[in-house]
Amino acid sequence: MVESDIENVTVLGAGSMGHGIAELAAIAGYDVVVRDIEEELVADGLEEVEWSLGKLEEKGKLDDSADAVRARMTGETDLAAAVADADLVVEAIPENLDLKRDTFAEVDDHAPDHAILASNTSGLSITAIGAATDRPEQVVGTHFFNPPVKMDLVEVVHGEQTSEATLTAAHEFVADLGKRAIDVKRDVHGFIVNNVMLPFIEEGAWMLADGDATVRQADAAMVYQRGYPMGPFELADYTGIDIAYHFREDTDLDSPPTIAEKVEADDLGKKTGRGFYDWEGDGPDYEP
Ligand code: 3HC
C-alpha cells in the first residue's frame, strides 16, 4: 500500500499502457484519475480495467475487491481538472515529441507545484520533454511494458536535470506497484529495453524480406527453442508494428521493408486486427 508522499495519481492517456498503469496504481491503493481527450476513450479504457480486475479477482490476486479498486478510479477529459490535485502525473499519450512537450507544458501550468511529472515514452528524450516545463528537475521517465499489469519491469529514466528526490520518488512508486526497476542513467534514444528488443524484431523482418524465413518459422524458433513467450512477429503485432517503425525514424537506420509495408497498409497488428498474423481469425499459430 501507499507509503510515500504520493497519494493522487493522474494518468494521461487511457490506451493499453495508460489504463494498465492506472489499474496498477489503483490496485496499490492510490486514488487515480484517468484522462483522455474523448469520453469514449476514457470509457473504453475503464472497461478494459474492469475486465482485467475481474480476472485478477477470480485468481485471488487482489487484496481488495475489484469493486473497491475500481472505486479509486475516476475518468476525466479536461486536462486542467485531471491534474489539479495530482501528486504524480504519468503521461501515456501517443509517441510524438511535440505532442508530449505541449502536453507537459500544459500540465506544468495546472498541476500543483510539488507534483512529479513522469513520461511513459518508449524512448523519446526525457530531457527534451522536461525542458518544456518550468520544473525539469521534477520530470522523469517511467517506461512500463505491455501489458503493464503482467510485465515485471519498468525503466526509470533520468533526464539531464532530474533531481535525486524525483528519482527516489519514482523508484518508490514503481516498487509500490510491485514492479522491478532498471535505473536508466543515460537518456539515450530507446533507453535500454527497446535498443535490445528492436533488433530481435527487425532481424526476423529482414530474414522475411530476404526470403530466408517465414513468420511462423521465426516465431516457432524463438518460442520453442529459446523459450521466449512470443517470437519477433507475434511481439511486433502485439506491441504495434508502427511502434517499431517510428522508433527507427528517429535513428540513422532504416526499418526492414516488411515492417514499412505493414505500416503503409495500416496493418499494425493486434490493434487493427491484422499485422503479420490475422488477429480476427485464429491469431498466431506456429506449431511446428
Ligand atoms: N489483466 C489480467 N489478466 C490478464 C491480462 C491483464 N492485462 N492479460 C492476460 N490476462 C490473463 C488471460 O486472460 C489469461 O487468463 P485465463 O487463464 O483465465 O484464460 C491469463 O492472464 C494468461 O493469459 P495468456 O495465456 O494470454 O498469458 P501468458 O501467461 O501467455 O502471458 C503475456 C501473456 C504476458 C503477454 C506473454 O505472452 C508475454 O510476456 N509476452 C511478451 C510481452 C512483451 O514482451 N511485452 C513488452 C513489449 S515492449 C513494450 O511494451 C515497450 C514499448 O516501448 C514498445
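What radius of gyration does the chain have, and why does it agree with that of a compact globule?

1. Overall size. This is a predicted model. The chain has a radius of gyration of 19 Å. With 288 residues, a compact globule would come near 19 Å, so the chain agrees with that expectation. The C-alpha trace spans about 55 × 45 × 35 Å along its principal axes.

2. Secondary structure and packing. The chain holds twelve helices and eight strands. Buried residues account for 45% of the 288 residues.

3. Where the ligand sits. Two domains matter here: domain 1 (8-184) and domain 2 (193-272). Both give residues to the shell around the ligand, so the ligand lies between them.

4. Which residues come nearest to the ligand? They are Ser52, Lys55, Ser122, Asn146 and Pro229, out of 16 residues around the ligand. These are the positions to look at when you open the structure at the ligand.

5. Which helix gives the largest share of the shell? That is α2, with three residues. Helix α2 covers 39-58, and α10 covers 232-239. Each of these two helices supplies at least two residues of the shell.

6. Nine of the residues around the ligand are nonpolar. Five are polar and two are charged.

Notes. Residues numbered from 1 in each chain as written. Predicted model: local features only at pLDDT ≥ 70, side-chain atom pairs only at ≥ 80, totals over all residues. Helix = DSSP H or I, 4+ residues; strand = E, 2+ residues; numbered from the N terminus. Rg over C-alpha atoms; globule rule 2.2 N^0.38 Å. Buried ≥ 20, exposed ≤ 12 C-beta atoms within 10 Å, placed from the backbone. Near = placed C-beta within 6 Å. Nonpolar A, V, L, I, M, F, W, Y, C, P; charged D, E, K, R; others polar. Domains from an automatic or database assignment.
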